Amino acid sequence: MEYPLRATIAGVLLFVIGLAIAGSTVISARRDRERREAWISAAGTVVDVLPGPANGAARPVVAFDTPEGERVRFTPVTRGLLRELKVGDPVAVLYPFGLPSEARIDPRGMRWTRTGIAIGAALVL
């Protein structure tokens, strides 16, 4: 059986694209992990839920305690949350060292979803 040259070139090209996607995913995950190492994690709790815009989701109010004993409340940007948060729900919080007012919800689920999709695409190619 003879394979045309174009099909061989297309196969090699798709393989190289798959390797590039896999490599960039690994580099992105490593950079993300290094960035997070400079942040402090805390256990937060949803203490209130504010109504969202007419066509948007409700906005949770999250509270957590810093190691120094300071109680911090914030309303996170909810882009990319996979689930609707309710009062009493525990959430993982990240904030830069010394800046608890810059806290945000740890997007752990989104990170794994993004990485899984990219690796899946690389394997398919």
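Student: Why is Phe64 called buried?
Tutor: Buried means under 20% relative accessible area, with over 50% called exposed and the range in between partly exposed (1.4 Å probe, protein chains only). Phe64 has a relative accessible area of 0%, so Phe64 counts as buried. This is a predicted model, in which local features need pLDDT of at least 70 and side-chain atom pairs count only at pLDDT 80 or more, while totals for chains, interfaces and linings use all residues. Residues are numbered from 1 along each chain as its sequence is written, and side-chain values use heavy atoms, leaving out hydrogens and water.

Student: What makes Ser41 buried or exposed?
Tutor: Ser41 has a relative accessible area of 57%, so Ser41 is exposed. Ser41 sits in strand β1; strands (E, at least two residues) and helices (H or I, at least four) are DSSP runs, numbered from the N terminus.

Student: How do you know that Phe64 and Phe74 form an aromatic pair, and of which kind?
Tutor: Rings of Phe, Tyr and Trp (its six-membered ring) pair if their centres lie within 6.5 Å; planes under 30 degrees apart count as stacked, over 60 as edge-to-face and the rest as tilted. By this rule there are two aromatic pairs. For Phe64 and Phe74 the centres are 6.0 Å apart and the planes are at 80°, which makes the pair edge-to-face.

Student: What does this pair tie together?
Tutor: Phe64 lies in strand β2 and Phe74 in strand β3, so the pair ties together parts that are ten residues apart in sequence. Phe74, with a relative accessible area of 9%, is buried too. Phe64, Phe74 and Tyr95 form one aromatic cluster.

Student: What makes the set with Phe64 a nonpolar core?
Tutor: A nonpolar core is a set of buried Ala, Val, Leu, Ile, Met, Phe, Trp, Tyr and Cys residues joined through side-chain atoms within 4.5 Å. The largest one has twelve residues, among them Phe64, Val72, Phe74 and Tyr95. Two or more residues come from each of β1 (39-50), β2 (59-65), β3 (71-74) and β4 (90-96), and β4 gives the most, with three. In soluble globular proteins, nonpolar side chains tend to be buried together.

Student: Which residues does Val72 contact, leaving aside neighbours within four places in sequence?
Tutor: Contact means heavy atoms within 4.5 Å, and Val72 has such contacts with Val62, Ala63, Phe64, Thr66 and Pro100.

Student: And what is the order of helices and strands along the sequence?
Tutor: Two helices and five strands follow the pattern α-β-β-β-β-β-α.
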